[in-house]
Amino acid sequence: MNPSLRLMIAGLGAVAAVAAHAESASRPSEFRKDVAVEWIYKQQIDDVYFTNWYGRLEKTDGPWRDIYFETSDKYVNKGLARLNCDDPEADIAFTLYGVGEYGDAETARQVTISYGDRRPWADGNYQDMFGETPTIEFYGAALERFCK
């Protein structure tokens with residue numbers, strides 16, 4: 001793995017771990033009845049606006065984790081992130097629902113981020129992830145939280 005990317009991911013995980021202890025453990029999902037989610041990451045958008053990212057472990061398959069995520073602040077996002085706890089260089093698969101209903105196949109958008117696309121994603125220049133979609137910092141926080 002590229003040493004600078006490795007340092008960036010490690011640093012993101014450390015920051016997320018410290019911040020996670022300051023937030024409450026869980027709250028009811030705003031999009032899924034009878035489901036609880038926990039705070040994962042606070043994304044500062046500018047001096048005033050921010051988005052809180054919440055999530056929960058949906059499924060474990062060996063080193064793979066399917067993480068449900070949602071936001072409910074200024075922007076609304078929900079979906080699934082599939083990540084590999086043993087191989088941070090593995091592709092990351094997102095199923096994004098935006099303002100549509102969670103699970104609605106007609107509004108779902110599939111995005112896969114390969115290792116080679118991480119730098120443009122981190123820099124905000126990855127076309128498939130334009131808009132208010134999961135950030136690389138969220139990915140680092142999710143790795144830290146769900147790959148313990």
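Student: In what order do the strands lie in the sheet, and is the pairing parallel or antiparallel?

Tutor: Strands of a sheet pair through backbone hydrogen bonds, either parallel or antiparallel. The model before us is predicted. In it, seven strands form an open sheet in the order β1-β2-β3-β4-β5-β6-β7, with antiparallel pairing. The edge strands are β1 and β7, each of which pairs on one side only.

Student: Which elements make up the chain, from the N terminus on?

Tutor: The protein chain has three helices and seven strands. From the N terminus on, these elements run α-β-β-β-β-β-β-β-α-α.

Student: How many bridges join β6 to β5, and how many join β6 to β7?

Tutor: Strand β5 (residues 76–84) pairs with β6 in the antiparallel sense over four bridges. Within that pairing, Arg82 stands opposite Ala93 in β6. On β7 (residues 109–113), the antiparallel pairing with β6 extends over five bridges, and Leu96 has Arg109 as its bridge partner there.

Student: Is strand β6 largely enclosed or open?

Tutor: Strand β6 (residues 92–96) is largely enclosed by the rest of the structure, because four of its five residues are buried.

Student: Which residues have the most contacts inside the largest nonpolar core?

Tutor: They are Phe94, Trp121 and Met129, in a core of 22 residues. The elements β2 (36–44), β4, β5, β6, β7 and α3 each supply at least two residues of this core. Helix α3 gives the most, with seven residues.

Student: What does Met129 touch?

Tutor: Leaving aside residues up to four places away in sequence, Met129 touches Phe94, Leu96, Val111, Ile113, Trp121 and Pro134.

Student: Why is helix α3 described as largely enclosed?

Tutor: An α-helix has 3.6 residues a turn, so residues three or four places apart point the same way. Helix α3 (residues 136–146) is largely enclosed by the rest of the structure because eight of its 11 residues are buried. The buried residues of α3 are Ile136, Phe138, Tyr139, Gly140, Ala141, Ala142, Leu143 and Phe146.

Student: Let us turn to charged side chains. How many salt bridges does a search of the whole structure find?

Tutor: Side chains of opposite charge can pair when their charged atoms come close. The search finds eight salt bridges. Among them, Arg27, Glu30 and Glu70 are linked in a network. The side chains of Glu30 and Arg27 meet at 4.0 Å, N to O. Between Glu70 and Arg27, the closest N and O atoms are 3.4 Å apart.

Student: Which parts of the chain does the pair Glu70 and Arg27 tie together?

Tutor: Glu70 lies in strand β4 (residues 64–72) and Arg27 in strand β1 (residues 27–28), so the pair ties together parts that are 43 residues apart in sequence. Both partners are buried: Arg27 has a relative accessible area of 17%, and Glu70 has one of 0%.

Student: How does the setting of Arg119 and Asp123 read: buried or partly exposed?

Tutor: These two residues form a salt bridge, with the closest N and O atoms 3.5 Å apart. Arg119 is partly exposed, at a relative accessible area of 38%, and Asp123 is likewise partly exposed, at 46%.

Student: Finally, what joins the side chains of Asp66 and Arg82?

Tutor: A polar contact of 2.7 Å joins them. Asp66 lies in strand β4 and counts as buried, at 13% relative accessibility. Not counting residues up to four places away in sequence, Asp66 touches Arg56, Leu57, Glu58, Lys59, Ala81 and Arg82.

Methods
Residues are numbered from 1 along each chain as its sequence is written. This is a predicted model: local features need pLDDT of at least 70, side-chain atom pairs count only at pLDDT 80 or more; totals for chains, interfaces and linings use all residues. Side-chain values use heavy atoms; hydrogens and water are left out. Buried means under 20% relative accessible area, exposed over 50%, partly exposed in between (1.4 Å probe, protein chains only). A polar contact is a pair of N or O atoms within 3.5 Å; within protein, one must be able to donate a hydrogen and the other to accept it, and residues adjacent in sequence count only if both atoms are side-chain atoms. Contact means heavy atoms within 4.5 Å. Two strands pair if DSSP finds at least two bridges between them. A nonpolar core is a set of buried Ala, Val, Leu, Ile, Met, Phe, Trp, Tyr and Cys residues joined through side-chain atoms within 4.5 Å.
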